Amino acid sequence: MKGNRFARYWVALASLGIPAVVSAQGFGLNEIGSCAIGRGYAATGAPCKDASVIYWNPAAASTLSGNSLLIAGGSIAVTGAFTRDSALGRTNADVPTSYVPSIFFNHTDANGFAWGLGVYVPYGLTSQWPASFPGRFLADKASIKTIYIQPNFAWKLNDNWMVGGGPIIGHSDVELIQSLDLADQPTGAKDPLGNPIFFRQLGIARRTEFARGTLKGSANAYGFALGIYGRINDRWTMGARYMSALDFAYNNGNATFQQVPTGLTLAANNPLGLPAGTPVDALVASQFSSGALTSQGGTTSLPHPDQAEIGFGYTGLDRWLLSADYEWIGWGRFHQLDINFANPALGTRTQIEDYNNTSAIRLGAQYTDHNNWQWRVGFAGVSAAAPDETVTPIIPEQDRANYTAGLGIPFGKTLALDASYTYVWTPGRRGRIDDRANRTITATQLNSGVYTLAANIVTVALKASF
Amino acid sequence: MSRLSHFVRGAAVAALVGAAASCAGPDHNLVTLPTVGGGLFTSYVALGNSLTAGYQSGGINDSTQRQSFAVLLAHQMGTRFAYPSLVNPGCPPPLTNFATGARVTPKGYPASTDATCFLRDPASATDVLNNVAVPGANSADPTGGPGSAANALTTFVLGGLTQAQRALVAKPTFATIWIGNNDILAYALNGTPQFATPQATFVSNYNAMMTQLMAGAPTLKGVLMGVVQVALAPQLFPAAALANPQFVAGLSVAVGKQVLVHPDCLAGPGAQSLINIQIVSALRTAPVPMIVCAKGDVPGAGDVGILDVDEQAFVQNTVNGYNAYIKAKADSLGWAYWDPNTVLTQLKATGAVSTVPNLASSTAPFGTAISLDGVHPSASGHIAIANALIQTINAKFNTSIPAISQ
């Protein structure tokens, strides 16, 4: 019977889909459960009393009793834009509202031994721009949908300290849609020195879209999560967690290309020796039927970095719980994104990332009133993972401030409803819409405008204890 | 970056961003904009012909393009200015020696000719050009209308669009437009000014261009630049110069044989004619290398390359007609009008533009302000033009663009 129930949850989870837009560093997500979010994500040293602890601190599952079930969902509405220098225009992002589910179940016996399972989305991304966006040659749309499934076990070392953890099975789907620039295509002719002539040398402007490519792939990866939690004294608690990195290798990808008409024609006396009025589209059409831009296999890989978090909780004030966490994420392992095409003519396309490891300070407060309603507020300051050279339409990374509020309402002794709201504020950051061909090119040379980003996030969780 | 620095940065974000929470939205001041002109020069485009494109010494490449008055003006404005860089040695490569006709030829390259073309620089390609001027363009070209003079450079610069279309891609706030010289220049230099664009056609072309630009950028402001009086071009020299034996001797050296001067060049109406220095090329292959300055005195001579008094008057009146319309157009739009002939006259007076070419000089025969082709400004000529434009713009729009140091 439990198996059937799990299957139904799984189907529900899958049907929701897992697109999202970054509200943490890089393409990380924090929308896991709801209680922790209302407290500014500061829930490792002072875990919430629900099954989402399997993510927030696996050891704290031992603090629960009996069966605990949590079903949560979050909606993420992002507003973003890119404003080019020299008043060359502003393009608003076209990101659909995303929904992030999570499900946790835990059973803790009388001895504090706990077992359970969590299904959640710690990483995900959807960035999408309109067809007129000048940066669509880096990304029209980028989508990462990653689910972690984490069996969890926890037990008490003694009356005050407990440990926990479990393996992680990760599944990830990626999709990248890019426009292709005619200016970068060879014409087949050569200059007086014998070098190939590209269309841009004939005056074809950059960002002349002649094709659109789509790469899709999926992959599985494996890792683990660990946690420790304990009481320092009657007023102070502390906890720490570590989630290992999962490196996804998307080896079964498929790349497809669609020709986009330019309507351009060659002028007289062109170096190709072709008659005036020759359609440029006809010159490149063969690439889609028998050339480099036919459907083909493609591979790529994407690291999902490790996370480490330590936090403290304080209960010395009547009805108040205060918490503070520090989180570190190992984004430094994300050096570059290599996309390998099966056709040697396309070869490997590399996007330099050079991310840095990141930090976040998380602060939370929770007040429990006489009706046992729990009122929560929080704040998280998050440093950006991307260096100045890698602020792109795929992820317009920048420092963020997350302001959160939440409410927990009990319904009898077995049910409770949590809800939270988060406003993600960013200062705006200069970024680029062009590829970075090599690491000698600086941010000053690359960046040609400003990305702005804000998000409104709402989560709701239904919790049951039985 | 160390973990400690990340911790400190996280803490800083927590403290400082929290303090900034009262700010309503993202900081748009990070967008790069010019500091001069209060928004007027946010996006500057230059339309025109070879004069604006940076053509010099019978050729064009990145080096000459950088010297264009439009590039200089944009730099003084502090605004973005992308031009269609033509990779060295050029397309065609500029002359380096007036006497020998040698052109820019990098070491290891085949000898450059007037047919050599090394296309656009692939490294500087962009989607938004600010200098959309095309060498050879006449008043019909900015809109691609009937009578346009498209050539290979038209494609290399504009990539399939017209000047007006390409200019509008830049969402321009300010423009300089210097078009019209090719409606008469070549005809006048050839001594056949009757083939110049008729006034009515010129007006129609010019009006179509301005209508299209203003439709695409209704708040656009700028400078309309007048047409050069061809008689001021140093490629033309007065027939009276042929009375100077030293000058004739110089011509003879350039031709490679003794040049003869018909008496009509020294007296009568022919003595008032203007002669195109390019006549040297014709004399090299002529059976009898004689310069004739008036039509009718010698059958088949005295016409091509010779601008007689009547033709000079026709050219002057035609240019005056063009310029009267351009000025009226500028006035009606609230734009500035700039007359290039004032500066050209001043430069002639100082000797920076020659009245009679110095054939002994292989590097500056037409004065320091004119390049080796006798028509297009040199680097210093472009500086003079840019400074004159700056004065005009500052006076008209109450701006404070700094002048360029000479």
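Predicted model: local features only at pLDDT ≥ 70, side-chain atom pairs only at ≥ 80, totals over all residues.
Residues are numbered from 1 along each chain as its sequence is written, chains are lettered from A and ligands numbered from 1 in the order in which they are written, and side-chain values use heavy atoms, without hydrogens and water.

**Largest cavity.** I read its volume, the space filled by probe spheres set on the grid points, as about 240 Å³. Of its 20 lining residues, A:Ile144, A:Leu176, A:Leu302, A:Leu337 and A:Ile394 lie nearest the centre, where lining means an atom within 4 Å of a point. The elements giving two or more residues to this lining are β6 (141-156), β7 (161-181), β13 (296-304) and β16 (336-341) of chain A. I took the strands as DSSP runs of E, at least two residues, and helices as runs of H or I, at least four.

**Second largest pocket.** I then turned to the second largest pocket, with about 870 Å³ of space; a pocket is an open set with protein on both sides within 12 Å along at least five of seven lines. It is lined by 40 residues, and A:Pro47, A:Cys48, A:Lys49, A:Gln366 and A:Gln374 are the closest to its centre.

**Helix α4 of chain B.** I found 8 of the 9 residues of α4(B) (69-77) buried, so this helix is largely enclosed by the rest of the structure; buried means under 20% relative accessible area with a 1.4 Å probe, protein chains only. Among the buried residues are B:Phe69, B:Leu72 and B:Met77, and their cover includes β1 (44-48), α3 (62-66) and α13 (379-397) of chain B. After α4(B) comes B:Gly78, with a positive phi near 75°.

**Sheet in chain B.** I followed an open, antiparallel sheet of 3 strands in the order β4-β6-β8, with pairing requiring at least two DSSP bridges. Strands β4 (236-238) and β8 (306-307) of chain B each have a single partner strand, so one side of each is left without a neighbour in the sheet. Strand β6 (274-276) of chain B pairs with β8(B) over 2 bridges, and B:Leu274 has B:Leu307 as its bridge partner.

Technical notes: 1 Å grid on protein atoms, 1.4 Å probe; cavity = no way out; pocket = protein on both sides within 12 Å on 5 of 7 lines; lining within 4 Å. Buried < 20%, exposed > 50% of the residue type's maximum accessible area, 1.4 Å probe, protein only. Contact = heavy atoms within 4.5 Å.
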